[in-house]
Every structure is written in C-alpha cells, then in structure tokens.
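Hi there,

Here is the structure I promised to pass on. Please have a look at it first, and then read my notes below.

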Amino acid sequence: AHTNNTELVDKFIAATRNSTEIKKSNGPLILSRTIAPVRNEHLLKVVDDMVKNWEEIYEYFGDQLMSLSSYVQGVVGMVTDQDTLDRIVAHFGDCSKWPALQTSYESGLQKALTTISYE
C-alpha cells in the first residue's frame, strides 16, 4: 500500500472484499491501518469507497463487528478536512441505522473534528 500507483491502491481496496485473496477478518483493518494512513489520496479513496459501497461493505463484513468498528473509527478519525467529513456525515447521519457501530463512528467523528479545528 506504500505506493503512488492509484490502480494498485484501487486493487488493494477491492481485494479487501474478496475472501479468496484476503482473510475476511483482516479486510477492514487493512483499509484503516495499512492503506488509508499512507497518503491523503489513499485516505480519500478509502472514504470514497466507504461512502459509495457502504451497504456492500456492511453486508460482507457484518459478522466481523470488531474489525468493522475499528475500520469505521479509524477511517473517520483520520479525516483532516471539513468537506470530506461532511460527505461522511451526509451519508451516515448519526449512524443510528447501524447501532453496533455508533460508538466507534462517534469516536472517529470527535477525533476528526478535533483535528480539523486545530488546522
């Protein structure tokens, strides 16, 4: 994931939802701990994927709530600009539709808001 090759980053993101390539329980962690933190462009790709494909992501990783919670908290918490955070909030709202993830989501929001307010 330490690459400037956007096609390769897209391939890594897609592979996280393919259990023949990556162990299912590792997918969310790969996104939030390996791909997203490398470069802001990678984080934006992960956020874009999360917003566009959330239903698929939730359905695929729904039985991996620990990993999924870490993914949501980690990705949302890494956001450093208001526009990206606004996109996430517009999509997820207060996250009440996914109560098992609500605490992680809110924690990520608080971290992002703190970061944004200091910049």
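**What I found**

The mean positions of the 11 positive and 16 negative charges of the protein lie 6 Å apart. Please keep in mind that this is a predicted model.

Now to the overall fold. Along its principal axes, the C-alpha trace spans about 40 × 35 × 20 Å. Buried residues account for 40% of the 119 residues. If you take the contacts between residues at least 6 apart in sequence, 69% of them join residues at least 24 apart.

Next, the interior. In soluble globular proteins, nonpolar side chains tend to be buried together. Here the largest nonpolar core has 31 residues, and those with the most contacts inside it are Val 46, Met 50, Trp 54, Tyr 71, Val 76, Ile 88 and Tyr 105. At least two residues of this core come from each of α1 (6-15), α2 (27-35), α3 (40-52), α4 (54-61), α5 (65-78), α6 (82-92) and α7 (102-118). The helix that gives the most is α5, with 6 residues.

Which residues does Tyr 71 touch, not counting those up to four places away in sequence? They are Pro 28, Leu 31, Ser 32, Val 46, Met 50, Trp 54 and Ile 57.

Two other places may interest you. Ser 104 sits in helix α7. Is Ser 104 buried or exposed? With 12% relative accessibility, Ser 104 falls under the 20% cut-off and so counts as buried. Apart from its neighbours within four places in sequence, Ser 104 is in contact with Ser 69 and Gln 73.

Gly 62 is found in the loop between α4 and α5. Its relative accessible area is 27%, which makes Gly 62 partly exposed. Leaving aside neighbours within four places in sequence, Gly 62 is in contact with Ile 57 and Leu 68. Gly 62 and Ala 100 are 38 residues apart in sequence, and their C-alpha atoms are 9.9 Å apart in space.

Best wishes

Methods
Residues numbered from 1 in each chain as written. Predicted model: local features only at pLDDT ≥ 70, side-chain atom pairs only at ≥ 80, totals over all residues. Heavy atoms only, no water. Core = buried A, V, L, I, M, F, W, Y, C linked by side-chain atoms within 4.5 Å. Buried < 20%, exposed > 50% of the residue type's maximum accessible area, 1.4 Å probe, protein only. Helix = DSSP H or I, 4+ residues; strand = E, 2+ residues; numbered from the N terminus. Contact = heavy atoms within 4.5 Å. Lys, Arg positive; Asp, Glu negative; His and termini not counted. Charge placed at Lys NZ, Arg CZ, Asp CG, Glu CD.
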